[in-house]
Amino acid sequence: APFCTPYTPTIVQPSTNPIHKFADDIIVVGQISYNDETEYRNEIDNLVTWCQDNLSLNVSTGKDIGINFRKHGCTHTLVYIDGTKVEMVENFKFFGVNITSNLSWKTHVEAMAKKAHQCLNFLRRLRKFG
């Protein structure tokens, strides 16, 4: 789980949908059972209400990802905050880790391998100069 600083105020009352906060990032983790999104949607509404009184919420940078463990996928209803659609994505980067909707490590490993290759190439060039 992400590191949560003890100096930030509580956003909303504890529920089955944990909210993780770090610096200016907020993550809402919600479990949707039996296609009932009510509790998850209420949690988002509570977060939006809290943000209206305490901080500025930039919806345009928000991301929504659905992780589904069912054999037969289900549709996840789009999230709107103050009339603005939250972008639905297949993967996003969280604390340097690429998280995908199927929880595969492939995207993350490929990104790390690319970064390592770039660093090695730079070191090879430096070696030429002694």
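Predicted model: local features only at pLDDT ≥ 70, side-chain atom pairs only at ≥ 80, totals over all residues.
A search of the whole structure turns up 2 aromatic pairs. In the pair made by F94 and F95, the ring centres are 4.5 Å apart and the planes meet at 50°, so this pair is tilted. The two partners also differ in how much solvent reaches them. F94 counts as buried because its relative accessibility is 15%, under the 20% cut-off. F95, with a relative accessible area of 42%, is partly exposed.

Now step back to the whole chain. The protein has 2 helices and 8 strands, and reading along the sequence gives the pattern β-β-α-β-β-β-β-β-β-α. Of its 130 residues, 22% count as buried. The accessible surface comes to about 10,100 Å², and carbon and sulfur atoms hold 55% of that area. Among contacts with a separation of 6 or more, 47% join residues 24 or more positions apart.

Which residues of α1 are buried? They are Y40, R41, E43, I44, L47, V48, W50 and C51.

The largest nonpolar core has 7 residues: Y40, I44, V48, V59, V79, I81 and V86. Helix α1 gives the most to this core, with 3 residues. As a general background, nonpolar side chains tend to be buried together in soluble globular proteins. Leaving aside neighbours within four places in sequence, V79 is in contact with Y40, R41, I44, D64, T84, K85 and V86. Y40, I44 and V86 on that list belong to the core as well.

The tour ends at the other helix, α2, which spans residues 106-128 and holds H108. Is H108 buried or exposed? H108 is buried, because its relative accessible area of 12% falls under 20%. Beyond its neighbours within four places in sequence, H108 is in contact with G96, V97 and N98.

Note on methods:
Residues numbered from 1 in each chain as written. Heavy atoms only, no water. Buried < 20%, exposed > 50% of the residue type's maximum accessible area, 1.4 Å probe, protein only. Helix = DSSP H or I, 4+ residues; strand = E, 2+ residues; numbered from the N terminus. Contact = heavy atoms within 4.5 Å. Core = buried A, V, L, I, M, F, W, Y, C linked by side-chain atoms within 4.5 Å. Areas by Shrake-Rupley, 256 points an atom, 1.4 Å probe, with all protein chains shown as cover. Phe/Tyr/Trp six-rings, centres within 6.5 Å; stacked < 30°, edge-to-face > 60°.
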